Amino acid sequence: MTNEKVNILLLGSGGRECAIAWKLSQSQLLNHLFIAPGNAGTDQYGQNLNIKPLDFEAVAQAVLDHKVDMLVVGNEDPLVAGIADYFKGRADLQGVRVIGPSRLGAQLEGSKDFAKGFMERNGIPTAKYFSVTAANIEEGYKFLEAQKPPYVLKADGLAAGKGVLIVDTLDEAKQELRQMLGGMFGKSSATVVIEQFLKGIECSVFVLTDGVSYRVLPVAKDYKRIGENEQGLNTGGMGSVSPVSFANDAFMAKVRERIIEPTIKGLQKEQLPYCGFVFLGLINVEGDPYVIEYNVRMGDPETEVVMPRLQNDLVEMLLATADGHLADTRISIDPRYAVTVMMVSGGYPEKYEKGKPITGLDAVDGSVVFHAGTARDAQDRLVTAGGRVLAVTSYGATKQEALDQSFANIAKINFDKKYFRRDIGFDLK
């Protein structure tokens with residue numbers, strides 16, 4: 001183990017970054033932690049900096065001003081835009097370690113078409129697909145006609161988690177395809193990937209890689225719909241559970257052999273520089289794993305259960321990753337359940353109000369509260385500042401015990417029109 005004490009800059013402002021900051025702050029190897037821009041909860045773990053993650057020059061200046069040794073990129077936008085390449089290209093930033101892939105590696109999330117092609121080239125199981133632009137829309141119609149309902153349409157580029165449509169009729173699928181190509185999601189849907197619908201149950205597998213070796217972090221399952229029983233509109237995530245009962249040793253052996261190892265080898269073969277997290281959005285189809293999507297960072301709200309179950313020193317792990325020594329690291333996982341329940345603003349994911357005072361956090365006992373959409377107002381009161389406001393995470397010997405603990409503490413926390421789902425983990429044993 002290294003004795004090096006490091007200064008770290010973490011980019012992002014959501015619940016994911018709050019959970020990462022919480023975990024980083026526990027390390028004996030941490031000297032100072034900076035979060036840009038952070039939120040009203042991250043400042044208890046480090047110093048917030050009023051910098052936008054996509055302002056590479058401002059990020060670089062902060063790294064130089066604060067003598068930062070390692071940049072940890074929490075959200076996908078700067079990775080897809082090439083922040084790792086930007087740092088590599090500046091002589092005055094050569095000594096700074098960057099946790100996050102190159103722009104080429106980040107295409108796994110930045111382009112659905114690229115990701116599907118990568119899986120096809122590397123023999124990684126995924127749904128059949130066809131990529132459509134305005135130029136070949138008639139071929140797109142024919143591909144739709146050959147599929148059984150429901151029909152899956154995905155915007156090729158980043159669309160803040162909202163670029164996926166699942167529709168029930170062929171006519172509706174053709175109509176939505178036209179609208180997507182016509183600019184429904186801006187430039188992100190100039191290309192649309194049509195996918196075969198796979199029926200099964202989903203989970204999120206998180207891998208840390210130095211580009212050669214890899215380590216698998218705790219597996220989680222998130223719940224995207226606003227309504228209970230997975231009804232209603234899609235959200236950024238209403239809660240998550242870890243471990244996942246069906247992701248047993250036999251299932252995970254298939255995931256390693258069929259998906260993780262071909263992914264890491266494919267990155268090497270295609271010369272896609274990669275140092276950081278790979279998020280595999282998987283679906284279990286009758287015991288066999290298929291990739292729904294790649295992300296090139298940790299998930300949200302899954303990070304809020306993955307970090308509490310990870311018993312390793314995260315700074316030590318990230319240093320080993322950046323320095324190419326991840327093979328020397330052994331993962332240690334807390335055997336308990338961790339459950340996160342998101343508290344969201346009334347009206348989310350549609351129109352909602354901000355600036356609602358939040359009370360009761362000082363009464364919370366036995367749970368960790370990760371801030372997602374929070375801020376301080378002019379009177380220095382803690383207020384809501386987003387759709388997803390707080391993530392309440394608890395441990396338990398069982399899933400239900402962990403859930404009950406989160407619900408008990410949610411009852412103590414209040415803001416106007418607060419909403420949360422009471423059935424997180426309902427479909428797991």
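This is a short walk through a predicted model, stop by stop, with something to select at each one.

Residue numbers start from 1 along each chain as its sequence is written. Because the model is predicted, local features need pLDDT of at least 70 and side-chain atom pairs count only at pLDDT 80 or more, while totals for chains, interfaces and linings use all residues; side-chain values use heavy atoms, with hydrogens and water left out.

**Stop 1: helix 2**

Select residues 56-65, which form helix 2 (helices are DSSP runs of H or I with at least four residues, strands are runs of E with at least two, and both are numbered from the N terminus). Colour Phe 56, Val 59, Ala 60, Ala 62 and Val 63, the buried residues of this helix; buried means under 20% relative accessible area, exposed over 50%, and partly exposed in between, with a 1.4 Å probe and protein chains only. Where do these residues sit around the axis of helix 2? They lie on the same side, because they cover an arc of only 160 degrees, taken from the directions from the helix axis to the C-beta atoms. An α-helix has 3.6 residues a turn, so residues three or four places apart point the same way.

Now show what the buried residues of helix 2 pack against: strand 1 (6-12), strand 4 (70-73), helix 3 (76-80) and helix 4 (83-89). Contact here means heavy atoms within 4.5 Å.

**Stop 2: two residues with positive phi**

Step past helix 2 to Lys 67, which follows that helix and belongs to the loop between helix 2 and strand 4. Lys 67 counts as exposed, at 64% relative accessibility.

Next, select Asp 380, in the loop between strand 20 (374-376) and strand 21. Phi of Asp 380 is near 65 degrees, again positive in a residue other than glycine, and Asp 380 is exposed, with a relative accessible area of 52%.

**Stop 3**

Move along to Gly 387, in the loop between strand 21 (382-384) and strand 22 (388-396). Is Gly 387 buried or exposed? At a relative accessible area of 7%, Gly 387 is buried. Leaving aside neighbours within four places in sequence, Gly 387 is in contact with Val 344, Ser 345, Tyr 348 and Tyr 352.

From that list, pick Tyr 348: its peptide bond to Pro 349 is cis, with omega near 10 degrees. Pro 349 lies in the loop between strand 18 (337-344) and strand 19 (368-371). For another cis peptide bond, go to Ala 36 and Pro 37, where omega is about -5 degrees. Pro 37 is found in strand 2 (residues 30-37).

**Stop 4: the cavities**

Rolling a probe the size of a water molecule over the atoms shows where empty space is left. How many cavities of 30 Å³ or more does a search of the whole structure find? The search finds 2. On a 1 Å grid over the protein atoms alone, a cavity is a set of points where a 1.4 Å probe fits but cannot get out, a pocket is an open set with protein on both sides within 12 Å along at least five of seven lines, and lining residues have an atom within 4 Å of a point. Points are joined across faces, edges and corners, and a volume is the space filled by probe spheres set on them.

The largest cavity holds about 60 Å³. Select its lining, including Lys 112, Met 119, Glu 195 and Tyr 294. Helix 6 gives the largest share, 4 residues. The lining divides into 6 nonpolar, no polar and 5 charged residues (Ala, Val, Leu, Ile, Met, Phe, Trp, Tyr, Cys and Pro count as nonpolar, Asp, Glu, Lys and Arg as charged, the others, Gly among them, as polar).

The second largest cavity holds about 30 Å³. Select Val 207, Ile 260, Thr 263, Ile 264, Val 278 and Leu 280 to show its lining, which has 5 nonpolar, 1 polar and no charged residues. Helix 9 gives the most, with 3 residues.

**Stop 5: a pocket**

Finish at the second largest pocket, with a volume of about 430 Å³. Of its 18 lining residues, Ala 84, Lys 88, Val 98, Gly 100 and Cys 275 lie nearest its centre. Helix 4 gives the most to this lining, with 4 residues.
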